[in-house]
Amino acid sequence: MATRFGVDVGGTFTDLIFYDDENGEVFVGKGATNAAAPDEGIAQIVSDTVPDEALRAAQFFLHGTTVGINALLERKGAVVGLLTTDGFRDVLEIRRGDREEFMDSLWTAAAPLVPRRLRLPVRERVAADGSIHTPFEREDVARALEAFRANGVESIAVMFLNAYANPEHELAAEAALRELGYDGEISLSHRISGEFREYERSSTTVVDAYVRPRVSGYLRRLEGTLNERGFRGDCLVTRSGGGAMRFSEAGERPFETIMSGPVAGAVGAGELCRALDISQGITADVGGTSFDTCLILDGRPQVRYEGKVVEMPLQSPWVDVRSIGSGGGSIAHVDSGGLLRVGPRSAGAKPGPVCYGRGGTEPTVTDAAAHLGMLAFGELAGGLALDVDASTAALERLGRELGLDAEKTAQGILTIANAAMAFAIRSVTIEQGQDPREASILAFGGAGPLFGTLLAEELGVGRVVVPKHAGNFSAWGLLGQDLTRSRALTSIRTLDAEGVAAANASLATMFAELAEDGSDALEPALDLRYVGQEYTLTVHPRADPDGAIAEDAQEIETTFRRDYERTFGHRLDVPVEIVSMRATARTSLPRKANESSAVGGTVRPRRSLEAYSFTQEERVTFGVVDRAGLDVSEFVEGPLIVLEETTTTYVDVGYRVHVHPSGTMIIEKKGAGS
Amino acid sequence: MTLQSPGTTSGSGSAATVDVDPVRTEVIRHGLVAAADQMGTTLRRTAFSPVIYEITDFAAALYDRDINLLAQARALPLFLGTFNHCIEASVAKLGGPEVLEPGDVIFSTYGYDIGSHQQDATVIVPGFFEDELVGYAAIKAHHMDIGAKEPYCTDTTDIFQEGVIFPSVRLYRRGERQDDLYRTVLANTRMPQAFAGDLAAQIAAATVGLTGLNRVIERYGIAQFRESVERMLEHGDALVRTFFERLPDGRYTASGAMDSNGITDDEVPFEISVEISGSDIVLDFTNTPPEQIGPINCPLAAVVSVSRAAILSVAGGGESANEGHFRSIEVRTKPGTMFDPQPPAPIYLYSWAALQALDVIHRALAQAMPEAVPAMGGGDLGAMVWWGRDEDGTVWGDVNDHQPGNGASAGGDGGSPLMHISCSGIRNSPVEVLEARGRIISERFEFATDSGGAGKFRGGPGVDNFYRALRDFHVTLPWERTKNPPWGLHGGLPARAAGIELQFPDGTTQIVRKGTGIFIPKGTLMKLMTGGGGGWGDPAERDPAAVASDIREGYVSEAAARRDYPHAF
């Protein structure tokens, strides 16, 4: 029994889902995001949605936050002071020399988070093998601290070269700062990331120091507010790499929350794949401005270990959710070469698509769908109606530039947006050596279910899954997470018996730090590569209960060579080496009991309208039904438009729908054989 | 010699083929760009040498059967549209397209065909759809060694010293590796294991690209595919023409100079003219010095690709380029000059001449459009190539680039140092990665005060990179712009020039400009100082608050600020 609720704060809306484990009941709430004070917005939506009694009974609050990333986007973080190895003061600003826009000779890098006057050198040097090359000079720390105090520094980052190999000097710097009376936040690079590459580790450490006061303050306030309302359970926040951590830990490792936002949907999709026994899933999360996709293999969303956010690299695990600027609000236009383009500019919430009647004049993906009848009669929640005529007029205007009528223009917009999404999916799957045709598409987000069968057709996929609460699925995904903690350490060794023993020694140290009462799985992983290569593949060997690797070097090597071949299509006759060790301690939350399969909402009689079929390339009669009225036992043949509160599902000719006992809607291509 | 893209329409503006479905064309364009990108991803992730996966010194592209560029992976702009000549020459040498068969893999290292030095070994794989030749996947990648007189050289006098020539040979026939040939290739490199690994990665990447091409053709059929490709090329052409139509017609000339030709120490000045008339643009290299005895000659194919990069880095609008983007560009050269040398003239350092040419083209364009280009960045890559032997006799090799300061522009200061725009995919190697290999330790990696050019907007500072050798090895340092400082624009001042100083353990020092195979005994300190970025606009117009900030942050010393910005005090 574990009653819980989740709140996902997005750019436009804050979504809440409350799940009562006693009776399987679910409350759903949606409110405008309060960007200036998200905790107040959350308090409001909790008050509006969750009865006091239910809140007191809840055991877990699970949260996805954008506070950290917003601090970076808006450059409203702490004043950070950075201690560096003498001679390496500018690592953060020198970067690696590459450009975000590789063919733009006018591109320049954004200013670093720490200005040069607050990046101060300390005489010390550790060599790559961990030996001390130059002893640590405490007086340099004292001098730097004076400068930091004079400049109002709130948070100090320490980044010494090769600290991943020996953290002695970073620890000495921390001790010195404390002895000198500094009581503010400190981020040490070796604690943030045990991996090599000084620019990437500097960037990660500085991001951590920069968002730390804001994120920890926010989490403290939020927990206080919930406690005042009577909540007595655990407060957890999603990590960028999936899984959740307690607010107290998030305050210590705030950089791990940076990509918290889009992760929950992928984690929820992973859970759904396990429940439905889908071995290869691809998420299609389409919101107002972006399309997010993630590959899910054997119920596990793919995780990467180096990412980038707002041009800043982060050495942190993160669920590999790829985003392109293609969503319901993406604006269509004709470029100077005379081709039709869709996005990346979006009409957003204001003014929104033309059919919202809030002042938008440029046709969007939503306008094209409305014109084509894919949104059925255009009824919105609250009795509002879409102005389809306005969409048509805007499409006509755009079409004139191309010599196309509104109908062809609308088809073109959907086709191009769909192609862009399909190519994003293809890149994600092909990079992992997977064939997208064998996958199921998991469509959610406000506009995802509109594109489900279009994507299936483009990619040759036979099955589309539309989860319950598809429009709020990211909030739902929060509820199924485990508590996880993880660390990594770079130490390059040959993959042999000795190497595995050494890796186990390092893992044991990391697990000793990570494991807590109730940890029920200690999961080791190894980053391996062929000797001579740089990039690594991560393998997950079997483990003993204490987290020690239970496979011998030969077995691990076999797995690596197999995964490598799957990913890259060839094998190399070269020895394999260990580059980094990764330790994850997992504490499962109590499983949710079987929840009710009922989907809320009105049930109206079946209706119909003429809408455009992409498989038939003409308008045909689509049935229009309410999702709440679909029966678990029967197949309903497309063409069909399925309505529910927060999203609309478009089922093209050639597909049929049935409802799984869990309430999940499954769309299959007829004759696909599965 | 005049060279234009195939299918050039002379100054026709944007005559679009309106009856071709613009939606299908856009979808096909997406598909081809994605396929080319996947070639790049595959190569990077499977390559052996850091120079490929870390420095992205490669080109990967898809062409149609008429040798029109369809799409190219995001890597080195220097290699933009680099394969036209190579594919043409290779197919001709083998006896025409009709002799090609599915499963053939063509391999070339001939510098005058590939438009690169010979270690940029090129793989071309013809693509077939239902037994019909439909296009080519082409990949060139920098290999650590293909048997040049040294693993990297600055002093060659003909191409035979620059690496073994494989003149478009079939390394695979109908999918069968030609083992006699393969062993010959590997027998001619000092690093056969790395070479074999990188070559396998090239072939894997080409295969991935052709799979993507076939997927597009399969979806739409060959006829519709070809129709849309032509419409796509017209679209690219129109984009570039729209940009140049806005510029005033005229002939704009600018000059630059190479430090030396690698054999003698004299500077080698040259000039390039840019002629704009309507939407047509001519890049005129005819007034350049004769072929040089040292390796700074730049073969025609490389002149064409760097010209394309020069234009598209200003006028391309961030698009993935195709052959259409090049149709408005005409390149004029004179055979027997440094920018159209004839075999067997040495070309090993061709790319350094190409980098300087790109900067000079931008300097000329600045006259037509002051906002379009930045002042000169440090003008070089700051490359270092070093190699030695392990105790067991195995030869190892390593390479790193060191980015110079970035030029200021009308938009603001130069900011962080960046790789030269022609090599913008390149990243430096992290110090911690270099040190993990145990051969060097870095003693400094930091900005040099006062190294950026003064101006209304200040050029970005150059970087001091100091390395201490932890064992004996050899090094080649092919540096440029150690004599002529990077220029400012529109009244902005020049920046610090690049420089190299070696301090040997015996107390002697050596200043290096271009050095090949210099012996570095253990304990030597190598000081590599990259140039700064030039300033933009009159320093007298710099905001005094910005000057004060420069001093406070330590980018500019107070003495230099008083000299260059007296109005701020």
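Let me begin with chain B, where the crossing of α8(B) and α9(B) is right-handed, meaning that the near helix is turned clockwise from the far one by less than a right angle. What we have is a predicted model, in which local features need pLDDT of at least 70, side-chain atom pairs count only at pLDDT 80 or more, and totals for chains, interfaces and linings use all residues. Residues are numbered from 1 along each chain as its sequence is written, while chains are lettered from A and ligands numbered from 1 in the order in which they are written.

Helix α8 (residues 300-315) of chain B packs against helix α9 (residues 350-368) of chain B at an angle of about 40°, their axes being 9 Å apart; axes here are lines fitted to C-alpha atoms over the stretch in contact, and angles run from 0 to 180 degrees between N-to-C directions. Helices are DSSP runs of H or I with at least four residues, numbered from the N terminus.

On the α8(B) side the contact is made by A302(B), V306(B), A309(B), A310(B) and V314(B), and among the α9(B) residues are Y350(B), L358(B) and H362(B), where contact requires C-beta atoms, placed from the backbone, within 7 Å.

Turning to chain A, the domain assignment, automatic or from a database, places domain 1 at 4-72 + 215-257 and domain 3 at 262-317 + 439-475. The C-alpha centres of domain 1 of chain A and domain 3 of chain A lie 22 Å apart, and 18 residues of domain 1 of chain A are in contact with 15 residues of domain 3 of chain A.

Notes: Contact = placed C-beta atoms within 7 Å. Helix = DSSP H or I, 4+ residues; strand = E, 2+ residues; numbered from the N terminus.
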